[in-house]
Amino acid sequence: MDLNLSDEQRLLRESAERFVAESYDADHRRKMANDPLGFSPLVWKQFAELGWLALPIAEEFGGLGGGAVDVGILMEAFGRGLVSEPYVATVVLGAALIARCGTTEQKQASLPKVADGSLKLALAHSERAARFDLAKVAMVADKMAQGWRLSGSKIAVLDGHAADEIIVSAHVHDHRGPSGRIGLFLVPATTPSIAISDYQRLGGGRACNIELCDVHLPEDALLGDGSDALPAIEWAVDRAMAALGAEAVGIMQTLLDTTLEYTKIRKQFGRPLSANQVIRHRLADMAMQVNESRSMALRAALKADADPVERARAASGAKAKIGRCARFVGEQSIQLHGGMGVTEELEVGAYFKRLVAFDTLFGGSAHHYARHAELGRTKAPA
């Protein structure tokens with residue numbers, strides 16, 4: 001297998017890193033942290049102009065037909081700048097689910113708008129009692145004579161406050177009662193009887209909790225033909241974990257570079273910190289953890305379209321390993337910067353917070369080590 005980047009992928013990486021370096025500085029991040037929206041609409045428009053929103057969307061719907069590896073290249077660059085735009089919510093999760101589950105008419109109605117930046121999406125799936133179990137959904141969608149009625153609540157909806165449409169998962173109840181199927185419903189954010197309470201996420205960006213009380217939707221709000229959407233949700237979340245893993249790699253690489261530079265200029269007893277052999281060993285351990293994480297994120301991206309068990313094991317393995325590596329790199333960076341590492345004077349603390357948030361998003365390392373082991377006992381279909 002050739003793991004070298006193609007010419008197009010190298011250009012993507014270079015352009016993304018250059019854009020992030022020029023656009024995302026400490027002042028911009030502080031401004032976005034205090035902004036109620038949490039990101040810049042102007043930057044989102046630039047994402048569309050650069051083709052990044054269209055990257056994984058099929059060409060027939062106005063996209064570029066890229067894959068999970070291409071998204072990973074972009075996400076690693078985003079990690080270097082702590083980008084807070086709703087890329088994962090809209091493109092990696094929302095657009096992917098519409099592309100996988102939606103009818104041709106639904107794809108034509110939504111995907112070109114995602115590609116040109118005029119439609120932002122969010123996935124509302126997590127629930128308080130689920131504990132990262134994607135199959136555990138309490139929200140109910142009752143089939144009515146004309147359309148659907150949804151009732152229930154969702155938590156930790158990434159960038160749901162800024163979404164134009166929210167993809168909501170619910171157990172389908174038809175005229176015979178519970179069907180045992182999970183459906184996905186496109187709910188406009190302006191629909192009455194929806195209560196959205198948003199909050200700031202650790203390390204930047206925003207999320208929200210959503211309450212739906214007897215929300216009435218038309219017949220075509222259901223994505224696709226009504227078949228069970230759980231496999232598609234698992235597929236999309238595994239892809240999101242691969243993308244977030246790549247973002248974490250970019251954050252860790254920035255922390256490593258920053259810490260290495262700091263230990264070269266920070267002097268103690270008349271010599272740089274980097275002249276101390278113990279410090280060098282710690283820096284070497286950080287570099288090793290970053291490289292291991294990059295390999296795991298790439299593996300998860302390469303397996304994004306493999307059979308479900310193989311894909312899920314790669315995604316959970318990456319999430320678990322990168323989560324452990326991220327915490328190690330973040331803690332070492334904080335310690336080697338001394339007391340300044342936890343102040344707002346340096347950005348080391350902000351990068352570390354984003355890594356802590358990554359470790360808990362879609363389940364922590366302990367959860368995914370257990371999932372990886374359980375999947376290892378599952379025989380893949382022939």
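Predicted model: local features only at pLDDT ≥ 70, side-chain atom pairs only at ≥ 80, totals over all residues.
View 1. Strand 4, which spans residues 165-174, is mostly covered, with seven of its 10 residues buried.

**View 2. The hairpin of strand 4 and strand 5.** Strand 5 covers residues 177-188 and runs antiparallel to strand 4, to which nine bridges join it. The two strands form a hairpin, with two residues between them. Within this pairing, Glu165 stands opposite Pro188 in strand 5.

**View 3. Leu150 in the largest nonpolar core.** The largest nonpolar core holds 112 residues, and those that touch the most other members are Phe47, Tyr87, Leu150 and Phe185. Helix 7, residues 230-265, contributes the largest share of this core, namely 18 residues. When residues up to four places away in sequence are not counted, the residues that Leu150 touches include Met139, Val140 and Ala141, together with Val168, Phe185 and Leu212. Also among them are Cys213, Asp214, Val215 and Leu217.

**View 4. Glu247, a buried residue of helix 7.** Glu247 is found in helix 7, and it counts as buried because its relative accessibility is 9%, where the cut-off for buried is under 20%. Apart from its neighbours within four places in sequence, Glu247 is in contact with Met75, Glu76, Gly79, Val83 and Arg354.

**View 5. Lys319, a buried residue of helix 9.** Lys319 lies in helix 9, which spans residues 308-336. Although Lys319 is buried, it has no salt bridge, and the nearest side chain of opposite charge, that of Asp359, is 4.9 Å away. The side chain of Lys319 instead reaches two backbone oxygens, that of Phe358 at 2.8 Å and that of Gly363 at 2.8 Å. Leaving aside neighbours within four places in sequence, Lys319 is in contact with residues including Met241, Thr360, Leu361, Ser365 and His368, and Phe358, Asp359 and Gly363 are also among its contacts.

Notes
Residues numbered from 1 in each chain as written. Heavy atoms only, no water. Core = buried A, V, L, I, M, F, W, Y, C linked by side-chain atoms within 4.5 Å. Buried < 20%, exposed > 50% of the residue type's maximum accessible area, 1.4 Å probe, protein only. Helix = DSSP H or I, 4+ residues; strand = E, 2+ residues; numbered from the N terminus. Contact = heavy atoms within 4.5 Å. Pairing = 2+ DSSP bridges. Lys, Arg positive; Asp, Glu negative; His and termini not counted. Salt bridge = Lys/Arg side-chain N within 4 Å of Asp/Glu carboxyl O. Polar contact = N/O pair within 3.5 Å; in protein donor to acceptor, adjacent residues only side chain to side chain.
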